[in-house]
Amino acid sequence: MERLQKAIANSGYTSRRKAEDLIREGRVEVNGEVVSELGFKVKKGDIIMIDGKALEGENKVYYVFYKPKGCICTLSDELGRKTVIDYFEDVQERIYPVGRLDYDTTGVLLMSNDGEFANAMTHPTKHVPKTYRVTIRPTITEDQITALTTGIEIDGRMTMPSEVHVLEKKEGRVVLEIIIYEGRNRQIRKMCETLGLEVARLKRTQIGSVKLGMLKQGDWRHLTEDEVHKLTVAASMKERN
């Protein structure tokens, strides 16, 4: 950990003395909260904003991470649970998760220190497709598939239309591929729960054109320039009907 003014100075944004002035003036935020204390310390993963803009100076980095079950998408945890940041100990930049997957969900999670990129991936007006492999018990009806496809009311409003494909159907379980175009909290699980469907397993297999490839759970790799470009283009497409 290091003092906030030192982190700002080390980024090349300004001198340490000027950084102290910015902090005193209430122009610096850390993880969305204004910080006015000069002794405040930051750690890897903290998001520093000055006058509402992400701190520049670090190289912008982009990763795809195969999130395992049993870790949370936060920078730290008061209960001592493992977080996604714990898997990036060798990364020097202050990265953070772009979006979230819940504790029991595995699969594709983007990580970056690029605030504009993160906003493009997660803002409600953007509709980058997210693909999930969902194991349902014990079975699913055509009416339930239609409901998942056309939209379901959760948390007081309808979900956007999604794509649903049956990948495997056996006695006692069905494996679906569901593609959604928004990222509401626990959306897939809530959609299924609303229809009385038990989600036995949930894995995000793809965001836009980015897939896990040969990654194993807990592993990560850099996104290629082409992957970052395609994600940015997907986020800039007009809102879907």
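Helices (H or I, at least four residues) and strands (E, at least two) are DSSP runs, numbered from the N terminus. The model on display is predicted: local features need pLDDT of at least 70, side-chain atom pairs count only at pLDDT 80 or more, and totals for chains, interfaces and linings use all residues. Residues are numbered from 1 along each chain as its sequence is written, and side-chain values use heavy atoms, with hydrogens and water left out.

Within β5 (residues 48-50), which two bridges join to β6, select M49: A54 in β6 stands opposite M49.

Next, select M121 and show its contacts (heavy atoms within 4.5 Å). Leaving aside neighbours within four places in sequence, M121 is in contact with V98, L110, V128, K130, L231, T232 and A235.

Turn now to the pockets. On a 1 Å grid over the protein atoms alone, a pocket is an open set of points where a 1.4 Å probe fits, with protein on both sides within 12 Å along at least five of seven lines; lining residues have an atom within 4 Å of a point. For the largest pocket, select G99, R100, T122, G183 and R184, which lie nearest its centre among 40 lining residues. Helix α3 gives the most to this lining, with five residues.

Finally, select D104, T106, A200, R201 and L202, nearest the centre of the second largest pocket, which 13 residues line. Here β15 gives the most to the lining, with five residues.

Notes: Two strands pair if DSSP finds at least two bridges between them.
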